[in-house]
Each structure stands twice: as C-alpha cells, then as structure tokens.
Amino acid sequence: MANCPDGLTSGFGVPDSLRSALCSTRSYFGKDHNGFGVYVAGSGCFIGNTGRQSVVMTAAHNLYHPVLKRKARWVNFQFGRVGQNFMASRTLSSGNVPIEFIRGVNALHEWDFALARIPLLRSDRFTPLPIEKSTATGETGKILVGYPNEGACKGLFKPYHTVVSVTPSSPANYSYRNQETYRGMSGGPLIGKTTDGGEYVSYGVHTLGRSNIPHRAVRFSEPVMRRIHGWL
C-alpha cells in the first residue's frame with residue numbers, strides 16, 4: 001500500500017507565474033452527531049475574476065458535505081501556499097454546487113465540481129489558470145497539483161504534483177492509470193497545454209483518491225462546461 005507522498009513530486013510542477021493560482025482549502029462543516037468538529041482539507045485553483053470577486057474551481061465536497069448534508073460554515077483559501085507561507089488568504093463569499101450533488105442523486109462522481117467566489121485577488125499579483133473544454137477521446141497526460149493531507153503529508157500544507165495518464169470514463173469523468181493520490185488533493189486542477197498557443201489551462205478537477213475506482217476526476221466536457229458557464 002502506498003504512503004504519501006509515494007507517486008508524487010514535491011512542488012507545483014508548473015511555471016512560477018502560475019503558482020499564485022493554486023491554493024489549499026480548509027472547510028468547516030460544523031459538528032457531527034458526536035459533537036466533534038468536521039474539517040475537510042482540499043485543493044483548488046483561481047480561474048478568473050468576475051465583477052469585484054475572484055472565482056476558484058474546486059470539488060463540490062469541499063463546499064457541501066454529502067454525508068452530513070450541509071454546506072460548509074466557512075472555507076479558507078490560501079494561494080501559492082508552501083508550508084506556513086502563502087501569497088494571499090481569502091474566505092468563501094458564496095459558491096455554486098450542482099443541485100444533483102446536494103440532492104444525492106446517483107452517480108455523484110459526475111457532479112463533484114463547484115465554483116467558489118472570494119474577495120478579489122489583485123490582477124497584478126495573481127495569474128488565473130483558465131478552464132478549457134476536454135475534447136480528447138483517448139489517453140492523455142495531465143499535471144495534477146494538490147495539497148495531500150494524510151500520512152507523512154498530514155499538516156504540511158505543501159504542494160505536490162504528478163503527471164497523470166487520464167482517459168475519459170464517462171461523459172463527465174476521467175479515470176487514471178496507475179496513479180496514487182491522497183486526501184487533501186480533491187479540487188486540484190488537471191493541467192495541460194492548448195494545442196494552438198501552448199497556454200497552460202485546466203481540463204478537469206480531481207475528486208477521488210482511491211485507485212480501485214473508475215471515475216477519479218471530473219473532466220470539463222461540454223455538459224460540465226455548460227453548467228459552469230451558467231453559473232458565471
């Protein structure tokens with residue numbers, strides 16, 4: 001059995017200009033039925049500004065707890081974080097989670113994506129990582145960046161990355177080939193380059209860590225992009 005950070009490489013894995021787009025997330029969902037506070041560590045990326053707010057792409061379960069069936073009481077985002085150092089800290093202002101995820105319909109893995117709105121990040125210091133529709137029909141390589149938070153990685157809040165071999169596994173999902181991931185990486189982007197200008201973009205969002213399941217990320221297929229653009 002792999003132990004964190006087995007299968008991962010330390011660092012962001014993208015040009016320094018893009019590290020400001022990548023963030024760790026920490027969500028608080030209140031207390032469970034035993035009276036213990038429920039905290040969830042995750043990852044995300046800044047995808048752009050709209051009006052007087054910035055928008056972060058992440059996993060739906062970082063904003064809504066499907067077992068407790070409640071929204072997060074608060075979510076904190078720390079950008080370009082390495083250990084205790086980070087470029088900026090923001091708290092969730094509002095967010096969009098698919099209604100299908102909240103209702104707990106079948107195939108939750110297809111709906112595990114969300115947009116978080118936060119107070120504005122200055123454009124002279126923070127470079128967004130745009131999202132792009134996923135059109136590849138076969139296996140491709142994507143850079144997964146996130147903040148693992150279990151085993152030897154627990155509490156470090158350090159970024160790790162890997163090049164993942166991904167294949168479309170449903171109209172809205174990717175499967176991975178032989179790739180270990182860990183709790184805390186949910187919401188991390190799957191990054192590639194566009195074929196025209198070679199710009200770095202995100203083609204999906206990591207959602208599930210276990211290696212024995214078929215759907216481990218949401219890919220930005222046409223239906224997913226329609227939902228996201230509807231929110232924007």
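Start by selecting helix H2, residues 222-231: Arg226 and Glu222 both sit in it, four residues apart, which is about one turn of the helix. (Helices, H or I with at least four residues, and strands, E with at least two, are DSSP runs numbered from the N terminus.) Before you click further, note that this is a predicted model, where local features need pLDDT of at least 70, side-chain atom pairs count only at pLDDT 80 or more, and totals for chains, interfaces and linings use all residues. Residues are numbered from 1 along each chain as its sequence is written, and side-chain values use heavy atoms, with hydrogens and water left out.

Now show the two side chains. Arg226 and Glu222 form a salt bridge, with 3.8 Å between the closest N and O atoms; the term means a side-chain nitrogen of Lys or Arg within 4 Å of a carboxyl oxygen of Asp or Glu. Arg226 counts as exposed at 51% relative accessibility, while Glu222, at 36%, is partly exposed.

How many salt bridges does a search of the whole structure find? There are six.

Next, pick Glu139 and Arg177, whose side chains meet in a salt bridge at 2.9 Å, N to O. Glu139 is in the loop between strand S10 (114-119) and strand S11 (140-146), and Arg177 is in the loop between strand S13 (173-176) and strand S14 (189-193), so this pair ties together parts 38 residues apart in sequence. Glu139 is partly exposed at 45% relative accessibility, and Arg177 is partly exposed at 45% too.

Then hop to Arg122 and Asp124. Their salt bridge has its closest N and O atoms 2.6 Å apart, and both residues are exposed.

Last stop: the largest pocket. Select Glu150, Tyr182, Arg183, Gly184 and Gly209, which lie nearest its centre among the 31 lining residues. (On a 1 Å grid over the protein atoms alone, a pocket is an open set of points where a 1.4 Å probe fits, with protein on both sides within 12 Å along at least five of seven lines; lining residues have an atom within 4 Å of a point.) The largest pocket holds about 720 Å³ of space, the volume being what probe spheres set on the points fill, with points joined across faces, edges and corners. Strand S3 (residues 37-50) gives the largest share of the lining, three residues.

Conventions
Buried means under 20% relative accessible area, exposed over 50%, partly exposed in between (1.4 Å probe, protein chains only).
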